[in-house]
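Subject: Handover of a structure and the findings from it

Dear colleague,

Please find below the structure that I am handing over to you. The findings follow directly after it, arranged by topic.

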Amino acid sequence: MPGNDESVVSNEPKRRVSIITDPVMESRMGHDNLGFEPNSKRKISQHSSHSEDGPVRRKSNLHHAHNVDSAAVNSYEQRVNGEVNRTKKQSFSEVLAKINQEYETGQQNAHLEQSWIYSLCMRCRVEYSTPSWEPPGWQKVCPYPLCPPYRQFARIISIILIGLLLWTTAYVIIGDSAAPGGQLFQLAVLTVAANFGGFLISLTTLPRLIGMLLVGLLFQNVGWVNLDGEFTKVTAELRKFALVIILTRAGLEMDPKAFKKVYVTILKLGLIPWTVEFLLIGVLTHYFLDLPWMWSMMLGSIISAVSPAVVVPCLFRLRTKGYGVAKGIPTLIIAVAGIDDAASVAVFGIISSIMFTQQGLAFQIAQAPVCVLGGLGFGVFWGFLCKYVPEKGDAYVVPIRTLMLFGGGLLAVFGSEKIHFEGAGPLGVVFAAFTASCFWCGEGWDLEDNPVSTAFEIFWMIFEPILFGITGASIKIRELDPHMVAIGTGCIYVCIIVRIAVTVGIAFGDKLNVKEKIFVAISWMSKATVQAALGPVALKAVASQHRSEEEKHLAELVKNFCILSIILSAPLGALLISISGTKLLKKTKPMLEPPEGWRRSHRPSLHDISIIDEEEEREDIEGIADEDTAANTLSNAQSTSVFTVTKF
């Protein structure tokens with residue numbers, strides 16, 4: 001009978017659909033983890049109250065079938081009986097005691113996982129996919145989740161011990177400079193503090209480099225660091241090392257296939273807005289700050305560069321959610337940023353060579369063509385050499401290729417400076433990396449998982465706090481001119497607005513709608529890496545050649561203007577990219593594989609910016625139908641049809 005059939009169906013246990021997800025790899029459970037969720041739990045369904053540790057699991061496409069929400073039933077019964085239970089506020093000790101109790105029993109309460117202490121502590125923890133050993137009684141001494149796991153704690157201790165060993169060795173070899181109070185010791189302390197300051201700032205969703213700059217600024221103006229005098233030569237060389245790493249990463253990030261398909265668009269959007277901002281900065285600073293034309297144009301060549309250190313993490317976060325992927329907007333923006341930086345560094349090198357060279361007029365006229373052709377020629381030659389040296393089947397091909405590319409970049413930068421053609425070196429670095437990447441991709445390497453690029457990411461992790469720490473430490477607030485700060489702020493924002501308008505205006509015929517054009521234009525407003533690397537170069541050149549006090553004042557003004565542009569544009573640009581991307585770009589379903597033109601290494605980026613609503617992301621990811629479940633559903637439907645036909 002119908003009634004009996006219904007009772008049988010209602011008493012049957014519901015079929016559980018298995019959803020296979022990728023294993024949880026070792027990753028930081030915080031701002032720099034692309035899979036991080038504030039509530040850090042795996043949902044079985046949309047209405048399920050059960051949860052366990054791990055990343056959010058996708059829902060089955062059958063999750064609407066016969067779901068019973070016990071929490072909803074309990075809530076309904078309470079309303080019917082007129083009982084309203086209010087959650088009692090718990091103290092810190094009570095929350096911690098419950099977390100420890102449930103950790104020991106293996107039961108995790110969803111309410112506790114949503115508490116502030118749990119979310120805050122989980123941001124600093126690392127979860128491992130392999131078994132981890134802990135000393136007996138570790139949880140009593142270092143309770144979960146307040147303290148890190150023993151493996152993470154041991155790793156931190158090992159890094160500290162390695163640092164102490166290196167410092168001891170340096171002290172024995174160098175002497176007083178490496179002793180506490182010495183300039184080398186101060187630089188080491190500044191680097192460590194800048195790295196920590198960058199981590200704290202990244203928790204607020206701002207770029208790490210802002211925290212590094214602020215730490216350097218604090219150390220200088222409180223009197224904790226002094227990098228002046230003969231030690232400026234050391235900091236100047238460290239900036240050049242950082243510049244080689246920046247330009248090499250820019251060359252490796254450029255996709256040859258994407259560049260070949262849309263090279264006209266890339267060159268148009270990369271050179272025209274850059275030229276407009278370059279000329280506009282030169283004109284404004286000449287008339288409002290009384291800079292000579294050569295000095296104002298040199299400043300314009302620095303300020304007009306885009307910062308990949310700010311742009312890439314923001315775009316990577318949007319890409320993982322599917323924004324702009326369909327039209328390849330992330331690839332376009334990264335490629336243009338590389339062309340933009342190459343143009344800035346090349347023009348800066350040519351202008352500075354003309355300004356500070358002691359040669360005649362003919363030598364100065366030859367600067368531009370020789371720098372461009374020489375840089376391109378060296379880059380193509382060295383990239384071609386990296387194809388055959390080492391041999392691609394060598395067991396040590398990755399470290400040798402990394403050192404070859406890094407050594408070639410250092411040779412280009414320092415060698416071009418030695419022969420007084422500074423503009424050729426940086427251009428050669430970019431094209432050497434780009435040429436080598438083209439050959440390596442043709443031999444089977446994947447641009448999105450290039451091991452050499454991963455090695456340069458590690459190099460950048462080391463040199464980033466050094467670069468931005470010493471850049472911030474070069475600012476002395478008491479010596480800043482308020483007139484320069486006010487005029488400089490106006491010039492920077494005027495040029496940013498004009499560049500955005502020009503980019504939107506010339507992006508016709510590129511298959512982008514108005515919203516996408518606005519987003520692309522906004523993404524190129526951030527200044528950071530090139531400005532930090534090149535800002536103090538003129539000051540070093542003036543000091544080394546014992547120029548006049550007026551020229552020293554102009555070089556100081558250029559350096560302070562560059563740092564001001566970083567502070568004003570980097571955090572604002574990061575926020576606008578992350579917020580406007582969800583409003584202006586079209587969203588597609590997140591892909592299992594990264595789209596063309598993006599390289600994603602096996603480890604998450606340390607500069608990832610997470611200010612987008614995580615609840616929205618969780619719903620989007622859960623909405624993707626599982627392929628296995630869909631196949632089972634189709635198979636069941638076909639079986640039912642066959643059975644019905646056979647029965648009739």
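Two residues are said to be in contact when heavy atoms of theirs lie within 4.5 Å. In that sense M484 touches L289, L557, N560 and F561, leaving out residues up to four places away in sequence. Please note that everything described here comes from a predicted model.

M484 lies in helix α21, which covers residues 482-506. With a relative accessibility of 4%, M484 counts as buried, because the limit for that word is under 20%. One of the residues that M484 touches is F561. The two are 77 residues apart in sequence, yet their C-alpha atoms are 8.0 Å apart in space. Helix α21 also holds T503. T503 is buried at a relative accessible area of 2%, and beyond its neighbours within four places in sequence it is in contact with L269, P273, A521 and W524.

The chain as a whole

The chain has 648 residues, and buried residues make up 47% of them. Its secondary structure comes to 27 helices and two strands.

Aromatic rings

How many aromatic pairs does a search of the whole structure find? The search gives 22. In one of them, the ring centres of W138 and F153 are 5.3 Å apart and the planes meet at 50°, so this pair is tilted. W138 belongs to helix α6 (residues 138-141) and F153 to helix α7 (residues 150-174), so that the pair links parts of the chain 15 residues apart. W138 is buried at 11% relative accessibility, whereas F153, at 35%, is partly exposed.

A second pair is formed by F406 and F456, with 6.1 Å from centre to centre and 75° between the planes, an edge-to-face arrangement. F406 sits in helix α18 (residues 397-418) and F456 in helix α20 (residues 451-472), 50 residues apart. Are these two residues buried or exposed? F406 is buried at 13% relative accessible area, and F456 is buried at 0%. Both also belong to a cluster in which ring pairs link F241, F406, F414, F456, F459 and F463.

The charged end of R401 sits over the ring of W445, at 4.7 Å from the ring centre.

Two packed helices

Two packed helices are described by the angle between their axes and the distance between those axes. For helix α14 (residues 308-320) and helix α15 (residues 329-356), the angle is about 175° and the axes are 11 Å apart. That angle makes α14 roughly antiparallel to α15, because the term applies to angles over 145 degrees.

L318 and P330 are twelve residues apart in sequence, and the distance between their C-alpha atoms is 8.9 Å.

A buried glutamine

Q531 lies in helix α23 (residues 529-534). What does the side chain of Q531 reach at 2.9 Å? It reaches the backbone nitrogen of A528. Q531 counts as buried, at 1% relative accessibility. Leaving aside neighbours within four places in sequence, its contacts are I302, I303, A305, P536, C562, S565 and I566.

Backbone exceptions

Most residues other than glycine have a negative phi, and most peptide bonds are trans. Some places in this chain depart from that pattern. The peptide bond between V389 and P390 is cis, with omega at about 5°. P390 is found in the loop between α17 (367-388) and α18.

D290, which is not a glycine, has a positive phi of about 60°. D290 is placed in the loop between α12 (263-288) and α13 (293-303), and counts as exposed at 62% relative accessibility. H420 is not a glycine either, and its phi is positive at about 65°. The loop between α18 and α19 (424-442) holds H420, which is partly exposed at 38% relative accessibility.

With kind regards

Definitions and conventions: Residues numbered from 1 in each chain as written. Predicted model: local features only at pLDDT ≥ 70, side-chain atom pairs only at ≥ 80, totals over all residues. Heavy atoms only, no water. Phe/Tyr/Trp six-rings, centres within 6.5 Å; stacked < 30°, edge-to-face > 60°. Helix = DSSP H or I, 4+ residues; strand = E, 2+ residues; numbered from the N terminus. Buried < 20%, exposed > 50% of the residue type's maximum accessible area, 1.4 Å probe, protein only. Lys NZ or Arg CZ within 6 Å of the ring centre and 35° of its normal. Polar contact = N/O pair within 3.5 Å; in protein donor to acceptor, adjacent residues only side chain to side chain. Axes fitted to C-alpha atoms, helices over the stretch in contact; angles between N-to-C directions. Parallel < 35°, antiparallel > 145°, perpendicular 65-115°, else oblique.
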